[in-house]
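Please look at the sequence and the structure before reading on.

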Amino acid sequence: MTLMFLSATRCCNLVIIIMFKVVSGATVVKVEDESPTVKKLTLKVHDRRLFFKAGQWVDMVIPDVAKVGGFSMCSSPRQLVQDGLLDLAVKRSDHPPALWVHTQCRVDMEVSIRSGGDTFYDPKPDDPSSDLLLIAGGIGINPLYSILCHVTDLLGSKGDKLETNGGNSAGADNSVYTPGRVCLLYSASTEEELIFQKQLSEAADQFPGIECQYFVTRKHTESTSPHVKNHRINPEDIQDSLKKLRKGKTLVYICGPSPMIETMETILLNSGIDPRQILYEKWW
């Protein structure tokens with residue numbers, strides 16, 4: 001499967017090389033609060049040659065801000081292809097690009113962006129189906145939400161084809177990859193900071209092969225949902241998810257603070273997961 005650790009310096013595919021070189025202008029078309037500490041930007045991308053793969057990020061150059069911002073996409077590649085739009089969710093911090101997003105960014109402002117990233121989800125139609133375990137901490141949900149959006153796009157394409165063929169599985173669209181089961185484990189400090197929780201739960205309701213579990217690590221939630229727990233993701237939670245996924249046919253994507261990534265990787269390795277099936281990039 002063409003999924004992991006592919007970069008422009010190692011890739012002989014001209015299309016991928018172009019992707020890393022295209023720098024496009026983009027216009028901010030929407031700014032909204034996702035949580036008390038996270039703002040979501042929707043950008044209209046000017047150069048249609050720019051594209052990304054689910055799980056990647058953009059470098060964002062902001063006028064009059066000396067440092068370049070690096071933010072993961074939290075939307076599907078299909079949205080960019082069809083509508084020319086991509087979404088970024090940015091956590092407030094003192095880092096100048098993030099601070100600009102929270103204090104100065106307005107609709108109609110212009111930025112420049114370039115996509116990149118070595119860890120992504122981009123299955124081809126004839127790839128064998130793989131299950132996914134997605135493990136997110138805090139704002140690390142961004143690239144994993146993009147991956148899940150891509151999964152639902154693929155599942156929706158299959159469903160549309162089935163519907164137009166009267167529900168006959170023989171009419172399934174073999175030109176579209178068939179995702180396996182997906183389990184998401186997503187932790188945040190408070191339930192308010194579980195951004196995209198509503199959309200994630202709706203995806204799980206719509207597609208039986210998707211399951212989402214949420215974990216609140218500081219301020220305990222009063223939620224009565226069986227999918228929301230008041231503790232950190234632990235070995236038992238990971239083991240429960242792995243039991244629902246196919247051994248040897250599961251890819252694990254992790255995104256969050258470095259200590260969390262290291263802890264999750266150790267648990268996964270101790271659970272018998274092949275290190276080649278564990279994918280992540282450390283940002284901080």
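**Cores and ring pairs**

Q: Which residues are in contact with L134, leaving aside its neighbours within four places in sequence?
A: The model is a predicted one, in which local features need pLDDT of at least 70, side-chain atom pairs count only at pLDDT 80 or more, and totals for chains, interfaces and linings use all residues. Residues are numbered from 1 along each chain as its sequence is written, and side-chain values use heavy atoms, with hydrogens and water left out. Contact means heavy atoms within 4.5 Å. With sequence neighbours within four places set aside, the partners of L134 are L144, I147, L148, V182, C183, L184, L185 and Y253.

Q: Which residues of the largest nonpolar core touch the most other members?
A: A nonpolar core is a set of buried Ala, Val, Leu, Ile, Met, Phe, Trp, Tyr and Cys residues joined through side-chain atoms within 4.5 Å. Buried means under 20% relative accessible area, exposed over 50%, and partly exposed in between (1.4 Å probe, protein chains only). Among the 38 residues of the largest such core, those touching the most other members are Y121, L132, L134, I141, Y186, L200 and Y253.

Q: Which element gives the most residues to this core?
A: Helices (H or I, at least four residues) and strands (E, at least two) are DSSP runs, numbered from the N terminus. Two or more core residues come from each of β7, α4 (141-164), β8, α5 (197-206), β9 and β11. The top contributor, with 8 residues, is α4.

Q: How many aromatic pairs are there?
A: Rings of Phe, Tyr and Trp (its six-membered ring) pair if their centres lie within 6.5 Å; planes under 30 degrees apart count as stacked, over 60 as edge-to-face and the rest as tilted. Under this rule, the number of aromatic pairs is 3.

Q: Why is the pair of Y121 and Y253 edge-to-face?
A: The pair joins distant parts of the chain, with Y121 in the loop between β6 (110-116) and β7 (131-137) and Y253 in strand β11 (residues 250-255), 132 residues apart. Y121 counts as buried at 1% relative accessibility, and Y253 is buried at 2%. The ring centres of Y121 and Y253 are 6.4 Å apart and the planes stand at 90°, so the pair is edge-to-face.

Q: At what angle are the planes of Y186 and Y214?
A: Y186 and Y214 are both buried. Y186 lies in strand β8 (residues 182-188) and Y214 in strand β9 (residues 210-216), 28 residues apart. Their ring centres are 6.3 Å apart, and the pair is edge-to-face because the planes are at 65°.
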